[in-house]
Amino acid sequence: MSRRQTLASLFLVSVFGLSFETFLSRFFALALFSDYSYWVISLALLGYSFGGVILTLAPEHFRRNHERYLLLIPPLLLGAAILAFALLRGNPFNPLELQNEVLWKTQIGAIFLYYAGLFPVFFLTGTYIGLVFLVLSDDMPRVYAVDLLGAAAGATVILAAMFLLHPYHLPSVMLVVLSAVAVLNTASFLKRHGAALGTGVLAASAAFLGFGLYLVLSTSTFSIPDFKKLHSILGIKDAVVAGSRVSPGGSWLTMDDYTEFDDVSMTNNYGADVAAPPRTYGLYRDGQRVTSLLRQVPSDFSYLKGSLADFPYVIRPHPRVLLLGTNGGMKILESVKSGAASGIALEQPRDVYGFVQERLKRVDPGLAMTAAIPLRSASAFSLLQGDRQKFDLIEVSSNFLSQDSNNAWSFTLEAVQMYLRSLTPGGILSIPVDISELDVYGLKMANTLDAALHGLGVSDPGRHVLAYRTAWTCQLLASRDRFTPQDVKSLVAWCSDRSFDTSWYPGIDPASINVWNDLPPVSFEQGEVQTSDKAQDALMNDLVRILGTDRGLPLVDRFFNLEPSTMNSPDFFSISRLSQVRTLLARLAVIPEHEIGYLLNLAVVGQALVLAAIVLLLPLGAGRKALREHSVRGGLVLPKVFFYFAALGFGFFFIELALVKKLSFFLESSTLSFATVLAGVLVFSGLGSWRASRHQGNRRRGLVQGVAVIAASLVFLIFGLDPLMRACIGLPLAFRILVAVALMAPLSFALGRPFALGTSSLGGYSDSLIPWAWAINGAFSVLATPLANILSVTTGWNLVIVLALALYATTVLSFPGARQGAAAVNPTTPR
Amino acid sequence: MSPRMSSFVICALVICALAAAPLGAQKHAWEFTSYANAMSSSGRDPGSMSQGSFDIAQSRKQKYLDDIRAMLTRDFGTPDPAVMRAFEEVPREYYMYNYETGRNMGQSAYEVPAQEWKIGYGSVLTDYVMQAYMTAKAKPKPTDVSLEIGTGSGFQSSILSRIVKKAYTIEIITSLGDKVKNIFAPLGFQNIESRVGDGFYGWPEVEGGFDIILVTAQAPFVPPALLAQLKKGGRMIVPIGQPWKPQYLYMFTKDEQGKVHSQRDVATLFIPMTGQIQTPPPRPSR
């Protein structure tokens with residue numbers, strides 16, 4: 001194959017590789033839960049690493065026979081991709097059974113089925129890419145650039161396809177890409193080597209493509225795993241799918257069935273004057289219920305009198321409201337009916353906003369009911385920036401936090417302080433928290449309010465907070481002004497009428513409280529619950545410690561980490577401590593579902609460490625002779641190669657993940673951030689790699705320049721990015737995307753250099769070193785993703801960026817290039 | 001016909017009538033043939049269940065009852081004899097069937113340790129320890145009338161029916177409910193009434209309401225119709241949590257004033273301790 005054809009095939013295989021990885025993230029979010037996408041990424045990089053290992057063990061053999069391998073791998077990859085899809089679809093893995101202390105063993109086989117199905121795909125992809133690196137090692141900067149640009153194209157293509165195709169049908173795009181590689185390579189092979197093998201490959205590829213497309217496109221899009229809520233909902237009598245949509249953000253269904261009600265926390269004492277909450281639609285994403293969705297204007301709003309969220313409207317009548325989340329549009333109507341004078345409603349993510357807007361137009365086309373509180377798709381940060389807008393009541397809906405992971409930004413310490421500053425005198429911030437399983441998230445929110453008030457100069461936060469609850473939901477109210485004795489008296493009477501429990505108010509005497517909804521104290525660490533003949537309120541006991549004058553157990557001593565989340569560590573639902581892993585595993589069945597992602601990341605770290613050891617030791621053991629024969633005379637090439645490419649593997653992914661997370665705040669969408677960062681980083685680093693060929697004469701200097709730019713950019717990310725984002729978040733989205741791209745461009749351009757210059761310097765030593773470097777880089781990239789997530793929870797994203805900076809700085813010392821200006825002569829590669 | 005012949009015919013007719021009658025009505029010993037007949041009568045294929053696998057399952061039954069008894073003693077002080085009798089009488093293997101795949105799992109009945117079983121359409125047969133706990137928690141009495149929202153396999157309703165006066169059950173998933181409603185009659189459980197429909201409105205036709213309500217289908221709030229149909233002094237039990245995972249039990253009771261109280265029962269997840277849980281002494285304020 002000509003150089004041009006080889007590069008073209010590399011481009012297409014890279015398109016396939018990243019598009020398949022991105023597809024898998026979407027698929028796993030639908031077929032399992034989105035936390036498992038980290039595992040997917042690790043599987044991908046695992047396969048790439050082993051591809052490099054195989055090449056390291058026999059580089060001469062692969063170089064001699066590279067044309068045959070380049071011919072045979074694409075159809076094999078086609079077959080492997082089809083087999084992978086079939087195994088994915090048929091895999092009976094149940095992540096909930098994995099957490100069951102009796103049934104978990106039955107899931108081990110299913111886990112291995114994922115490895116069996118996916119490993120060959122990524123192994124073959126990694127082998128192909130590594131083989132091209134090996135064959136064209138004399139021009140690594142350009143070769144690596146083509147790889148990166150192909151990956152960028154793959155991400156772009158598959159993300160665009162997600163707007164048109166259901167996740168189960170996305171592999172059809174990838175199969176076409178792979179077929180194009182097969183055709184391209186076969187055409188070249190036929191010209192040089194004759195018809196038999198080439199024709200056979202073409203025929204096999206055509207057969208695979210046909211069968212694969214049939215298998216993929218015939219998959220039912222209503223095939224929902226039986227552990228997902230939607231599975232049983234679809235079977236309910238008279239249930240109807242009222243709407244559906246696909247996007248990179250999810251596979252959405254609107255359900256009309258008689259189990260769908262307004263997500264409102266209600267009294268249990270329905271008198272004659274309190275109706276039941278109204279029927280709604282249910283909005284489901286990837287098989288899980290996200291929120292209720294407005295179905296029609298309720299004929300009877302009397303249920304609001306029994307609603308937990310109604311109290312602020314009682315003590316602050318006719319407020320100007322800011323609604324964060326609308327429970328599918330219901331909150332807008334309810335707020336108007338509760339007497340709101342005016343306001344603004346914000347809904348995130350954009351997909352949910354779209355559904356809500358559509359329903360509002362349908363049921364209230366003349367805006368008779370909703371004109372007073374118009375709906376916008378924006379985050380509170382963009383609206384409240386500059387503290388210009390003021391509200392009497394800022395009300396968070398019960399679904400807002402859980403309906404999208406990106407909404408966690410709205411519950412950081414900085415966000416809560418912003419809300420409090422945006423209140424008028426006497427204004428109230430109202431936040432509901434689910435306490436149906438454990439009350440720890442309620443305590444974390446209380447801590448956040450406490451810290452936010454302290455940060456605003458309030459010396460006695462306890463006088464600025466009210467807390468009351470049902471059995472399943474706690475409502476927290478906060479104000480910059482003290483709640484008055486009249487407010488407290490109203491609360492006590494109002495709650496008593498409705499059998500709500502008052503868990504905190506200024507001056508509360510726990511001994512005198514009559515508890516309606518028993519909530520016994522639980523020691524998660526000891527696995528004990530305190531029983532009593534009298535109803536208890538564990539939430540009250542803990543709120544007294546947090547908000548009272550006699551403060552109790554410091555946060556650091558609690559089993560769960562209840563420190564407020566911040567802009568540096570924004571995940572509200574991450575309360576697990578690394579020091580408590582053993583107990584968490586022992587209580588796996590009962591820990592909140594939100595915390596499973598943390599444990600998954602730990603498991604992936606464990607897996608990655610084992611694999612990194614294999615990648616490091618296997619070539620050294622089996623191929624040591626080959627490596628040693630080609631090692632540089634004197635010097636420490638092997639350790640340098642190891643540390644250099646391991647640092648790059650860590651550092652590149654640390655930076656990429658930190659950018660995705662931070663820009664998800666700026667772009668108000670984790671999906672958009674992922675797409676922008678992925679495409680931006682890959683494109684610009686590809687260009688940077690291409691440009692790095694100019695430094696072949698002095699690679700070390702080229703590296704140092706690149707690292708200097710990376711370091712400066714990372715310092716800006718740590719100190720300057722947050723203020724910049726807060727200042728610009730009010731800009732239109734298109735401008736913000738441009739700002740994000742402009743931020744990424746110089747950093748990404750520089751990021752393309754180290755790998756390109758490092759590998760191009762290896763060509764002068766040994767063919768074995770290039771695929772080994774590729775394998776090391778892949779193995780440590782596997783480790784980087786879960787490690788970055790764990791670090792972000794434990795210490796925050798800024799530390800992840802600092803570590804990336806340190807890692808790139810070490811590359812100046814570990815750079816393996818000693819023979820400057822010497823390019824490998826490769827007689828088998830035409831120019 | 002001679003007297004001898006007529007006596008023979010009469011005896012034969014009686015024997016045939018006895019053989020055809022539902023099992024429970026006669027209190028026959030529960031054997032493989034009874035099981036197979038009942039399965040067929042309910043429209044289900046016994047599948048891989050044979051005499052041998054049936055006997056093996058039965059050999060585990062004593063351990064199953066012992067485990068239930070031990071749990072009830074630990075958590076309630078003494079095992080309710082009515083609950084124990086019900087678990088002895090109701091053949092669990094008869095309910096271990098996946099209605100979506102048609103797979104019979106009865107040969108695994110009385111498994112140790114107890115586990116959940118998929119019965120199709122997203123539904124799960126809860127493990128027997130949890131079911132025994134919920135049954136005991138409900139404190140069923142022979143004068144009670146019970147309502148279950150979420151029939152599932154029908155096992156829980158069947159257990160309750162052996163104790164209470166009448167057991168009503170509603171399944172919201174059509175495919176499941178239409179099949180499960182056929183399983184009670186072959187066992188002779190005449191005091192169970194089932195339907196497929198919207199359980200959140202309860203069973204308003206039952207006058208006087210219910211002493212016991214079990215709600216296994218989740219809602220964001222306790223449906224007011226169910227609270228309205230709960231008698232004063234009655235008990236409503238609502239498990240919260242995902243399938244295959246241990247669940248939190250909520251018990252709602254209605255006092256004489258008609259006000260509702262709730263109790264969160266986590267004894268199935270955490271060891272119950274009376275008295276103060278040890279916590280460090282308070283620290284100085286900020």
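**Ground rules**

I worked on a predicted model, where local features need pLDDT of at least 70 and side-chain atom pairs count only at pLDDT 80 or more, while totals for chains, interfaces and linings use all residues. Residues are numbered from 1 along each chain as its sequence is written, chains are lettered from A and ligands numbered from 1 in written order, and side-chain values use heavy atoms, with hydrogens and water left out.

**Entry 1: the interface of A and B**

I began with the contact (heavy atoms within 4.5 Å). Chain B brings 57 residues to it and chain A brings 64 residues. The two chains bury about 5,500 Å² between them, 59% of it on carbon and sulfur atoms; buried area here is the accessible area (1.4 Å probe) that two parts lose on being put together, summed over both. On the chain B side, B:Trp244, B:Arg264 and B:Phe270 lose the most area to chain A, together 14% of what that side buries.

Next I looked up the polar side. I found 18 residue pairs in polar contact across the interface, both residues at pLDDT 80 or more. A polar contact is a pair of N or O atoms within 3.5 Å; within protein, one must be able to donate a hydrogen and the other to accept it, and residues adjacent in sequence count only if both atoms are side-chain atoms. I then asked which elements of chain B supply at least two residues each to the side that touches chain A; among them are helix H9 (174–180), strand E9 (230–240) and strand E11 (260–265). E11(B) gives the most, with five residues. Helices (H or I, at least four residues) and strands (E, at least two) are DSSP runs, numbered from the N terminus.

How many salt bridges are there between chain B and chain A? The count is two, a salt bridge being a side-chain nitrogen of Lys or Arg within 4 Å of a carboxyl oxygen of Asp or Glu. B:Lys118 forms one with A:Glu97, with the closest N and O atoms 3.9 Å apart.

E11(B) came up again in strand pairing (at least two bridges found by DSSP). Strand E13 of chain A (residues 517–518) runs parallel to E11(B), joined by two bridges. A:Asn517 has B:Ser262 as its bridge partner there.

**Entry 2: strand E3 of chain A**

Is E3(A), residues 281–285, buried or exposed? Five of its five residues are buried, so the strand is largely enclosed by the rest of the structure. Buried means under 20% relative accessible area, exposed over 50%, partly exposed in between (1.4 Å probe, protein chains only). A:Tyr281, A:Leu283 and A:Arg285 cover one face, and A:Gly282 and A:Tyr284 the other.

I checked the neighbours too. E2(A), residues 250–256, runs antiparallel to E3(A) over four bridges, and A:Met255 has A:Gly282 as its bridge partner. E4(A), residues 288–293, is also antiparallel to E3(A), over five bridges, with A:Ser292 opposite A:Gly282. Two residues lie between the strands in the hairpin of E3(A) and E4(A), where A:Asp286 takes a positive phi near 50°.

**Entry 3: B:Asp144**

My last stop was B:Asp144, in the loop between helix H7 (128–138) and strand E5 (145–149) of chain B. B:Asp144 counts as buried, at 2% relative accessibility. Its side chain reaches the backbone nitrogen of B:Lys141 at 2.8 Å. Leaving aside neighbours within four places in sequence, its contacts include B:Lys139, B:Asp211 and B:Arg235.
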